[in-house]
Amino acid sequence: MTKRDALTEARRRWGVKGRIGLRRKIGPNRYRVGIFKTVPFPYTDIQGMGDTWEAAFADATSRERRRIEDERE
């Protein structure tokens, strides 16, 4: 997945506030995907992390499923 593909996927999932980023140039979990928020200050709420864009989006999906399951309990 290219950086452009990743941004397109982030915008599909979270609308215009969808964001992508790299934590560092090398190392584990460097790809980050999330939602841009402005309160109480501008930051990106990380939804998923991984060694590739695909892994970061898979992590975001997994986290969302766990959150939904936790709310049901």
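The chat below goes from the overall layout to a few single residues.

Q: What kind of model is this?
A: This is a predicted model.

Q: How many helices and strands are in the protein?
A: The protein has two helices and three strands.

Q: And in which order do the elements run from the N terminus?
A: The order is α-β-β-β-α.

Q: What radius of gyration does the protein have, against a compact globule?
A: The protein has 12 Å. A compact globule of 73 residues would have a radius near 11 Å, so the two agree.

Q: What box do the C-alpha atoms fill?
A: Roughly 40 × 25 × 20 Å, along the principal axes.

Q: What share of the residues is buried?
A: Buried residues make up 25% of the 73.

Q: Charges next. How many positive and negative side chains are there?
A: There are 18 positive and 11 negative side chains. The centres of the two sets lie 9 Å apart.

Q: Back to the strands. In which sense do S2 and S3 pair, parallel or antiparallel?
A: Antiparallel, over seven bridges. S2 covers residues 31–37 and S3 covers 43–50.

Q: Which residue in S3 stands opposite Arg32?
A: Met49 does.

Q: What joins S2 to S3?
A: A hairpin, through five residues. Pro40 sits in that loop between S2 and S3.

Q: Is the peptide bond between Val39 and Pro40 cis or trans?
A: It is cis, with omega at about 0°. Most peptide bonds are trans.

Q: New topic: Asn29. Where is it found?
A: Asn29 is in the loop between S1, residues 18–22, and S2.

Q: Why does Asn29 count as partly exposed?
A: Because its relative accessibility is 33%.

Q: Last one. Where is Ala58?
A: Ala58 is in helix H2, residues 53–72. Ala58 is partly exposed, with a relative accessible area of 46%.

Q: How far apart are Ala58 and Gly34 in sequence and in space?
A: They are 24 residues apart in sequence. In space they are 12 Å apart, C-alpha to C-alpha.

Key:
Residues are numbered from 1 along each chain as its sequence is written. This is a predicted model: local features need pLDDT of at least 70, side-chain atom pairs count only at pLDDT 80 or more; totals for chains, interfaces and linings use all residues. Side-chain values use heavy atoms; hydrogens and water are left out. Helices (H or I, at least four residues) and strands (E, at least two) are DSSP runs, numbered from the N terminus. The radius of gyration is taken over C-alpha atoms; the globule rule is 2.2 Å times the number of residues to the power 0.38. Buried means under 20% relative accessible area, exposed over 50%, partly exposed in between (1.4 Å probe, protein chains only). Lys and Arg count as positive and Asp and Glu as negative; His and the chain ends are not counted. The place of a charge is taken as NZ of Lys, CZ of Arg, CG of Asp or CD of Glu. Two strands pair if DSSP finds at least two bridges between them.
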